[in-house]
Amino acid sequence: ECGVDARVVVAVTPMGVDPIIDMAAEAGIPLVFVNRNPFSADDGSDIPDGVYYVGSNEIDAGMYQAQFVVDTVGADAECGYVVLLGELSNTATPLRTEGNKKVLGEFEGYKFLAEQTGNWQRDQGMQITENWITTYGDDLCAVLANNDEMALGAVEALEAAGIKDKVVVAGVDFIDDAAVAIEEGRLDCSVKQDGKGQGEGAVGVALAALKGEEVDKLTVVPFVPVSIENLAEMK
């Protein structure tokens, strides 16, 4: 391990992490996965000894987005919604989308119209939304994007069609461009993913494990929904 005392890893996909886990176990060093969770149990019960995960519950991001839509449009509204998916290999994509559908599925007037991957890209989010505008017209009420880049692409498409004021758009990550768009009244909401908190948390877990302290295998860093209402305090 070339003098490495601990390892912090952002897994590109949940597949293929077993060799990393085995190497860390053989070297007897703590291994901390951060941001992308390669394990499936909500309580961390499937995380091996000496291994830890620090990150956010991705399903919560989707639930916050959906709840914002309901709060904005109304629980009794008739609303057709679409979902811009991130990369299909990323663990966040199905979970954020599940969160969207879990909340909106509880309201009879909310109808799922379509979903398509925009691969986290703004230009793809714009192109896909342009097609949805043509396909669904007045039935389109909300666009829920798995990240802000695609959400901002959707905003551009809706603005070009002159119907942004009729469609709620929600993103995830709270990137700088999203903050500006919310302030300008163009993007309706984002959900802040605390990357700094995740990174600091991962290093903190690694250091605590090295000291022999008792450390939870699973550390959850909460998502925070952001709209014009709390924008100033979230910047």
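1. Asn 146 counts as buried, because its relative accessibility is 0% (buried is under 20% relative accessible area, exposed over 50%, partly exposed in between, with a 1.4 Å probe and protein chains only). Asn 146 sits in the loop between strand S6 (140–145) and helix H5 (148–161); helices (H or I, at least four residues) and strands (E, at least two) are DSSP runs, numbered from the N terminus. Leaving aside residues up to four places away in sequence, Asn 146 touches Val 83, Leu 84, Leu 85, Gly 86, Thr 93, Arg 96, Thr 97, Asn 100, Trp 120 and Val 172, where contact means heavy atoms within 4.5 Å.

2. A word on the basis: this is a predicted model, in which local features need pLDDT of at least 70 and side-chain atom pairs count only at pLDDT 80 or more, while totals for chains, interfaces and linings use all residues. Residues are numbered from 1 along each chain as its sequence is written, and side-chain values use heavy atoms, with hydrogens and water left out.

3. Trp 120, one of the residues that Asn 146 touches, deserves a look of its own. Trp 120 has a positive phi of about 70 degrees although it is not a glycine, and its place is the loop between strand S5 (110–117) and H4. With a relative accessible area of 15%, Trp 120 is buried. Asn 35 also has a positive phi, near 75 degrees, without being a glycine. Asn 35 lies in the loop between S2 and S3 and, at 23% relative accessibility, counts as partly exposed. As background, most residues other than glycine have a negative phi.

4. Which strands make up the open sheet that contains S6? The order is S5-S4-S6-S7, with parallel pairing; two strands pair if DSSP finds at least two bridges between them. S5 and strand S7 (168–170) are at the edges with a single partner strand each, so one side of each has no neighbour in the sheet. Neighbouring strands are turned by 15 degrees against each other on average, direction ignored. Strand S4 (residues 79–85) pairs with S5 in the parallel sense over 7 bridges, and Val 83 stands opposite Glu 115 in S5.

5. Helix H2 (residues 58–73) packs on this sheet, touching S4, S5, S6 and S7, and its direction makes about 155 degrees with that of S6. Helix H3 (residues 92–104) lies across S4, S5 and S6 at about 170 degrees to S4. For these angles, axes are lines fitted to C-alpha atoms, for helices over the stretch in contact, and values run from 0 to 180 degrees between N-to-C directions.

6. Another open sheet has 4 strands in the order S1-S2-S3-S9, paired in parallel. Its edge strands are strand S1 (7–9) and strand S9 (218–220), each pairing on one side only, and the twist averages 20 degrees from one strand to the next. S1 pairs with strand S2 (residues 31–34) over 3 bridges; Val 8 has Val 32 in S2 as its bridge partner. Helix H1 (residues 18–27) lies across S1, S2 and strand S3 (51–55), at about 150 degrees to S2. Helix H7 (residues 195–210) touches S1, S2, S3 and S9, and makes about 155 degrees with S3.

7. Finally, the axes of helix H4 (residues 122–136) and H5 come within 7 Å and cross at roughly 45 degrees. That makes H4 oblique to H5 (under 35 degrees is roughly parallel, over 145 roughly antiparallel, 65 to 115 roughly perpendicular and the rest oblique).
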